[in-house]
Amino acid sequence: MPRKKPFSAKQKKRQLQDKRERKRGPLEAGRSESNSRSESRERGEENTDTSDSESIRPQVRRINQQPHIVRPGEKGYDPNRYRLHFDRDSKEEIERRKKIAQEKILEPVTEAELEVDIEKIYRPGSVLDFPKRPAWGYEMSKEAVLSQEEKAFREYLQKIYENHSPRELSYFDHNLETWRQLWRVLEMSDVILLITDIRHPVLHFSPALYDYVTKDLGRSLILVLNKTDLCPPSLVVAWKHYFQTKFPEVHVVCFTSYPRHPEDEQDPSSVFKKRRKRRRVWSSALGPNQLLRACEVITAGKVDLTSWRRKIERDSAALCNPANDRAESIVDSGDAVLSQQISEAELGTPSRELYKDGVLSIGCVGFPNVGKSSIINGLVGRKIVSVSRTPGHTKYFQTYFLTPTVRLCDCPGLIFPSLVDKQQQLLAGIYPIAQIQEPYTSVGYLSCRIAVPQLLKLSYPNGVKNGWTAWAICEAWADKRGYKTAKAARSDTYRAANSILRLAVDGRLCMCMRPPGYTQQKESWEQHPETLEIVAHIQAQGHPNDDLSSGGEEEEEEISSSGEETEERDHDADEEEDAEETPTPSHSKKAGKPKMSDSNPFALLGEDEC
Ligand SMILES: Nc1nc2c(ncn2[C@@H]2O[C@H](COP(=O)(O)OP(=O)(O)OP(=O)(O)O)[C@@H](O)[C@H]2O)c(=O)[nH]1
C-alpha cells in the first residue's frame, strides 16, 4: 500500500476553500475567483505582526461567500446562510489604501462636507434599486418560485454592475436569503417602520423602498430617527424637516433606547467611558408613545389600539413607581409577549387584506446595527430580542405580539445599494469591525471629520512630527492602550484601528452627518422653536445620571485595558447579558425625582408624529 502523503493544515485549509468556491453560484465565482485565494494571504501580510490575524482570516473569507442554498434537513444545510454578504475589495485596492493611510497627512474637512443629500447617494429612479420579489402564486411549485427569484436576483446584480464600477458602489447585500427575509416582512406587514440611525439617516433611508411601500404596496411607512441621544436636538429637528419635505408621505418618529443628557456629548472625557446598559433600560426608551400616535393616525380607527395605549400607561406608571418590580407587573397585566413562527402559507401575498383579524402588523426594517431589536425591546419594555453591537446579529425575521392587536416583526439588517462612501458605511457600523479588510482608511476618514487625536488625547508616536496620518493615529492609540503584537512586540496598529472604529460605531467618537444647508443655517436650527422647546424640556427634567443609583438604567464605566479586550472580540452578541448579571441597585432614595425618561422631549416635534 502506498504511503500516505503528508498533508499540512495549510493545504487542508486550501482544499476546503476550493471546495467552497466550487459550491458557489456562477455569478459570485466569476467575480471573486481571481482574488479569493490571495485574500487570506493578503490579510496575513497586512497583519503579519497582529496576534489574532490567523483567527481573522477565515472570518474575512466567510463574509464574502455566497451561501450555497440547501433547505433545512438536506445534506449540506448551512444554518449561517443569512449572514451578511458583500462584494470585496481586491488586494491591489487594499494595498493602495494602506499606503495612503501611512503617508497622507490628514486635513480636517470643512463643516459643509459633513452635509449629505440623499439624491446624490441613492439616485432615486436609477438601477440602485433593491431586489423585488417576482410575482408568485400558490399554484407555482416551490422550485419554480425559488429559481425565478434566483434568476431575478442575478439580473438585478448584473444591472447594477453594468451601470456602476465596484469602486463607486457602496457595500450592499449580495445575499439573496437576506432579501427574501425582507420580502416576507413586507408581505406580512401593514405598516413598515424604516429605522435609521440619527447620525447617518440618509445612508439608511432607501427611496426605492419608500416608493415601493407607499406606491406599489399602498402601505404606510414610518421613518424612525433612532439613537437621538447621540446627536444635538437641533440636528434631529433639521433631519426631521428634511425628510418631511422630501418624502411627504413619510411619518417621522424620534426614538432612543438609551436617553442621555445633551451635556454629555460635549464632555470629551465621555470618549473614555463605556456606557453599560442595564436590565431596566428598556422601560425608559423614548418614543413608544409617538409611535403609537403615528399608528393611530395611519389606522384611523380600523384597529383597536387601546391595549397598546393601556400598556404604555401601565409601563409608565411602573417606571414612576420603582417599588413595583417591572417583570412582575408585566406578567400580572397579562403582557407576556408571544413570539410567533410564521409559515410560508400564512404569509399571504402583497395584496393581502390590511389589518387581518383586527391585528396591526408592524415590520421593523433597516440597515444592520441601527437599533431595530433595541426598538422592539423598548416598545415591549423589557428584553425579548437579543441586541449586539456586531452588525448582522438578527439573522432571520421573528414576530412578537406586543399586545393582542399589535404584532411586531424584527427583520435582519439589510444593506441597500447606493453610491455612499464605503468609509462612511463602515463608520455607520454596517460591517462587523473584526472583519474589515483594511481599517486604517476609515480611521483617516473619521479623523478628518472629528478631532480624534484630541479626543483620544494622543501624542505623536516616535518619528512623527509633521502632522497626523491615519496610521500614526492608530500607532499612538496602540501605544496609549498598550496594544502590542504577540510576535515582535511592536505597536499593534491593526488592533488600535479596530478599537477606534468600535468607539465610533458606539457613538463615543461621534460623527454626525448633516442635511444640505445645515451649516449655513446652523444658528437658525439651534434657535428653531422646536429645538428650544426640546432643550428646555430636557433641562427641566434634569440629568438622567442623577437617578442612576435609583433606576439602575445605565452606568458609565472607565474603559480598562482588560475591559476593552473583552469588547474587542467579535463575540459581543447580547451585550445585555453582562448587565443582567449585575444586581440592580435598590431604587428607593430618589424615586420621586423627575426623570428624562418620563416623557419624550422629541414628542414636541409634532402633534401626530415626533
Ligand atoms: N446610543 C444608543 N445606542 C443604541 C440605541 N439603540 C440601539 N443602540 C445600540 O446599537 C447597537 C445595535 O443595536 P441592535 O438593536 O442590535 O440593532 P439591530 O438593528 O437589531 O442590528 P442587527 O441585528 O445587526 O440588524 C447596540 O450596540 C445597541 O446597544 C439608542 O437608542 N442609543
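Visitor: Is A300 buried or exposed?
Guide: This model is predicted. A300 has 7 other C-beta atoms within 10 Å. A residue with 12 or fewer counts as exposed. A300 is therefore exposed.

Visitor: Where does A300 lie?
Guide: Phi of A300 is near 45°, a positive value in a residue other than glycine. Helix 11 (288-299) and helix 12 (306-320) stand on either side of A300. A300 lies in the loop between helix 11 and helix 12.

Visitor: What does R123 count as, by its C-beta neighbours?
Guide: R123 is in the loop between helix 5 (118-122) and helix 6 (142-163). Its phi is near 40°, also positive. R123 has 16 C-beta neighbours inside 10 Å. Buried needs 20 or more, and exposed 12 or fewer, so R123 counts as partly exposed.

Visitor: How do helix 19 and helix 20 pack, roughly parallel or roughly perpendicular?
Guide: Helix 19 (residues 470-481) and helix 20 (residues 493-506) have axes 8 Å apart. Their angle is about 95°. Angles of 65 to 115 degrees count as roughly perpendicular. So helix 19 is to helix 20 roughly perpendicular.

Visitor: How many charged residues has the contact of helix 19 with helix 20?
Guide: Residues of helix 19 there include E475 and R481, and those of helix 20 include R495. The contact also has 7 nonpolar and 2 polar residues. Its charged residues number 3.

Visitor: Which residues of helix 19 does helix 17 meet?
Guide: Helix 17 (residues 440-449) packs with helix 19 at about 95°. Y440, T441, V443, G444 and S447 are the helix 17 side. They meet A470, W471, I473 and C474.

Methods: Residues are numbered from 1 along each chain as its sequence is written. This is a predicted model: local features need pLDDT of at least 70, side-chain atom pairs count only at pLDDT 80 or more; totals for chains, interfaces and linings use all residues. Axes are lines fitted to C-alpha atoms, for helices over the stretch in contact, and angles run from 0 to 180 degrees between N-to-C directions. Helices (H or I, at least four residues) and strands (E, at least two) are DSSP runs, numbered from the N terminus. Angles under 35 degrees count as roughly parallel, over 145 as roughly antiparallel, 65 to 115 as roughly perpendicular and the rest as oblique. Two residues are in contact if their C-beta atoms, placed from the backbone, lie within 7 Å. Ala, Val, Leu, Ile, Met, Phe, Trp, Tyr, Cys and Pro count as nonpolar, Asp, Glu, Lys and Arg as charged, and the others, Gly among them, as polar.
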